[in-house]
Amino acid sequence: MGSEVSGRVREDKLASYFSWDPCNDDRFVSSIVGAGHIGGKGRSLLFGMKSLLESGVDELVSTEMPESIFISIEAFDKFLSQIDDLDNVLDGEPERIERKFLDAELPSYVRERIASFLECIDSPIAVRSSSMLEDSLKYSFAGKYRSRLLHASGDLNERVLAIENEIKRIYARTFFPTAVEYRNKHKLGDDKMGIIVMRASGKWKGRYYFPTTAGVGYSLNFRRWCTRLNVEDGLLRLVFGLGTMSTRRGYARIFSLSNPNLRPEGNHPYNVMRHSQESFQMIDGDKGDIVTYNINDKGILDYLLTHYGRELGEYAQVYREDDGNGYWENLDLSYFRQQEDDSKVCITFERFTRHNPDFFARMQKLLKHLEDSMGAPVDIEFAYEPSERKLELLQARPLWTGCCESKFDERDLEGKLVILKADRMVTDGQLENVPYLVYVDHKIYVTAANKHEIARAIGEINKKLYPNSYILVAPGRVGSSNPALGVPVQYSELTNCKCIVEVGIPVLGFMPELSYGTHFYSDLEIDNVLYMPVFAGEKGNVFREEWFESACCEKMQDLGIKIYKGSFDVYMDCARNIGIVAVRKGTCDGENMEDR
């Protein structure tokens, strides 16, 4: 797949994309506040809109961008220039930096423009970072800075103050350890911050504000779950409600644009239920903040049915059990009055998929057009109101593709024992002679009360093993914000990890998912960390649990962590959808070490 991806990069168009200046475009200049560069995220979004507006294709030209202003980096420089003893401030703790920044004032022309912008908008506002280095070809800075949705209620002065303070907090994040360490790791140097102030996508539905659907899209589907899918057809990750849920390692509906009906988890009702979204996010007008609800929460389903009526059945279904075998029923208006203990509502998008083929064709066309315009594969963020066919573009940027050529041959396995094998979501890549493998035992993890302690212990092992690399094998979703789904380790705690294997144990509720569009996934791609999911007991998968039980290792018994020292090889082949972790025979032999 490596040559296939590299062949899609057009250096001439990529150069034109990076050289384009929205300050010279009459369509956008009025939305720019200040002189000079507006940052990578802002410029990429405006380039995407420029490309769609000039496409001449009605369904692309009709794509909208929420009302926005783009505050240039000039304002950032002027803001910093009036902070006394700036160098000393920046050497302090993050809390001190933020406190000093909040005490300073933005340039007057920025404050005036924010006020005039808010006079015309009564919707919640998204305030987003747009630094010089963000959304470059390789480094997205996903999750390293700050973006925030604000209800911004109250009178105009209160709303302006809320936006100003959020901008100052984003400015401060430029100098926080997370961003500084990321820049240092990749030798990127200093950064400067632009800002996007944007009307949040969605509508008021009673006291809550949210779009019906939102998500992320890729012009290439790097990790297919079926060889019937084409890499070049692209992929969507779609959620009900605010798109914030689509960039986290939670549940979302994954669509290959080759065939939107093919699910990564298959069609068995139980597996679909396990992978379906139940929690979604909205902005609560009364609380003035983002709230998360489960669609089965008391009163929430009633609220949704009140505002959507039968349309809700386009997105949600009722899952019921019958003698241990699950099945689906359509959601109707009477369900919330007849709810039974053995049933629940899940957001499956089943009828939406069948009834909206034009949406998927439109998204495929949009992604292809942006890829051609930018000269490289792309990813986007978007919101979509199906009843109005209203599509809003929220972000568009070139997508880093760190894939390498596959050199895997069956003869490579001679003298080696295959301990893990995957048959889906595999890209091209290869690692040889990795000296360590770190394993989290699912039998201990599932009942552990100290799941966050397990995650922190992996971070300490990561430091201890430096400068050696290792493979991490763990149940469920590595990096999950929900410990019940997988080990909640932070990506910053995996700096020496070169391959992540997520082991699916369905009976224990551990279900891997390569979460396209999440910040975790973006970091994996940028750092060329290989990934594969293994589903225990499924055909085409190997989880040699007896090896993990008997091979020589160092144990952290209370935490269920084992460290194996040996010689491990990883082979991944996208074309054949095969991923393998093998250990060279003669290593990791002997009795287990004493428990630590």
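Visitor: In this predicted model, buried means under 20% relative accessible area and exposed means over 50%. Which residues of helix α10 are exposed?
Guide: Helix α10 covers residues 177-185, and its buried residues are A179, Y182 and R183. The exposed ones are on the other side of α10. They are E181 and N184.

Visitor: What arc do the buried residues of α10 cover around the axis?
Guide: The buried residues are A179, Y182 and R183. They sit on the same side of α10, because the arc they cover around the axis is only 95°.

Visitor: Which residue just after α10 takes a positive phi?
Guide: Helix α10 runs over residues 177-185. Just after it, a positive phi of about 55° is taken by K187.

Visitor: Are the planes of F79 and Y171 stacked, edge-to-face or tilted?
Guide: The model has 36 aromatic pairs. In this one, the ring centres of F79 and Y171 are 5.2 Å apart and the planes stand at 50°. Under 30 degrees would be stacked and over 60 edge-to-face. So the pair is tilted.

Visitor: How many residues apart in sequence are the parts that F79 and Y171 tie together?
Guide: Both residues, F79 and Y171, are buried. F79 belongs to helix α5 (residues 73-81) and Y171 to helix α9 (residues 156-173), so the pair ties together parts separated in sequence by 92 residues.

Visitor: Where in the chain is F352, the partner of Y315?
Guide: The rings of Y315 and F352 have centres 5.9 Å apart and planes at 35°, so this pair is tilted. Y315 lies in the loop between α12 (300-308) and β13 (316-322). Its partner F352, 37 residues apart, lies in helix α13 (residues 350-355).

Visitor: What is the relative accessibility of F352?
Guide: Y315 is buried, with a relative accessible area of 2%. The cut-off for buried is under 20%. F352 also counts as buried, at a relative accessibility of 0%.

Visitor: Which ring does the charged end of R43 sit over?
Guide: The charged end of K451 sits over the ring of Y445, 5.1 Å from its centre. For R43, the distance to the ring centre is 4.8 Å. That ring belongs to Y17.

Technical notes. Residues numbered from 1 in each chain as written. Predicted model: local features only at pLDDT ≥ 70, side-chain atom pairs only at ≥ 80, totals over all residues. Heavy atoms only, no water. Buried < 20%, exposed > 50% of the residue type's maximum accessible area, 1.4 Å probe, protein only. Helix = DSSP H or I, 4+ residues; strand = E, 2+ residues; numbered from the N terminus. Arc of directions from axis to C-beta. Phe/Tyr/Trp six-rings, centres within 6.5 Å; stacked < 30°, edge-to-face > 60°. Lys NZ or Arg CZ within 6 Å of the ring centre and 35° of its normal.
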